[in-house]
Amino acid sequence: MNQLSISLRPRKFSDIYNQPGVVSELVKRAATHDWPQAMLFKGSSGTGKTTAALITAMSINCTNPDKEGNPCCKCSSCMSIIEERFDRDTVVLDGSSFSGKDDVIAFGQAAETMPMYDKKKVLIIEEADQLSVAAKNAMLKILEKPRDHVIFILLSMVNGGIPSAIQGRCQSFSFKPFTTRD
């Protein structure tokens, strides 16, 4: 990703455009530090799923969040995500490129280890609907074993692309599409 898109990406929950229901729930969870083990962000392309996932990851591990739970965007955990280095305890897997069972199993092994730098590990799977059937089954096995030190965020553009068994283990957030007026 180029530097311009990185510098223009929203960094606070209130900057997420046109998703008031999603933002309200994320702010409530951030302010109370009450995060579910797994979240599913569903919606069409360009609605803010990845941005919301990154802000959520920053909020979870930020060392100095504001009273609404927004990340400070200055600590080393926040900067790792803002600069998209992901060299701490936030890991991003692109489900369209790494869609095999072995990829998900390796991703799941990251969930077994304790965070090295941050409060929690945040494991994000973009385009989770693109995972193979075997990979989705492996993901289900990973989610069936809750861990206090890990939070999963799955992103999906396809309604029904994630099996109901996985959806049942996630808190779902539906991102509404933009209209021409938006």
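1. Contact here means heavy atoms within 4.5 Å, while axes are lines fitted to C-alpha atoms, for helices over the stretch in contact, with angles running from 0 to 180 degrees between N-to-C directions. Helices (H or I, at least four residues) and strands (E, at least two) are DSSP runs numbered from the N terminus. On those terms, α5 lies across β2, β3 (121-126) and β4, and runs at about 165 degrees to β3.

2. This is a predicted model, in which local features need pLDDT of at least 70 and side-chain atom pairs count only at pLDDT 80 or more, whereas totals for chains, interfaces and linings use all residues. Residues are numbered from 1 along each chain as its sequence is written, and side-chain values use heavy atoms, with hydrogens and water left out.

3. The mean pLDDT (the predictor's confidence in each residue, from 0 to 100) is 90 for the protein, and 97% of its residues reach 70 or more. Where pLDDT is low, the predicted coordinates should not be read in detail.

4. Five strands form an open sheet in the order β2-β3-β4-β1-β5, with parallel pairing (two strands pair if DSSP finds at least two bridges between them). Because β2 (90-94) and β5 (171-175) stand at the edges with a single partner strand each, one side of each is left without a neighbour in the sheet. Inside the sheet, strand β1 (residues 38-43) pairs with strand β4 (residues 150-156) in the parallel sense over five bridges, and alanine 38 has phenylalanine 152 in β4 as its bridge partner.

5. The axes of helix α5 (residues 101-112) and helix α6 (residues 133-143) come within 7 Å and cross at roughly 20 degrees; the two helices are therefore roughly parallel to each other, a label that applies to angles under 35 degrees. In their contact, Lys101, Val104, Ile105 and Gly108 of α5 meet Ala134, Ala135, Ala138, Met139 and Ile142 of α6.

6. Two residues that are not glycine deserve a look at their backbone angles: histidine 33 has a positive phi of about 55 degrees and lies in the loop between α2 (20-32) and β1, while cysteine 73 has a positive phi of about 65 degrees and is placed in the loop between α3 and α4 (76-82). Most residues other than glycine have a negative phi.

Definitions and conventions
Angles under 35 degrees count as roughly parallel, over 145 as roughly antiparallel, 65 to 115 as roughly perpendicular and the rest as oblique.
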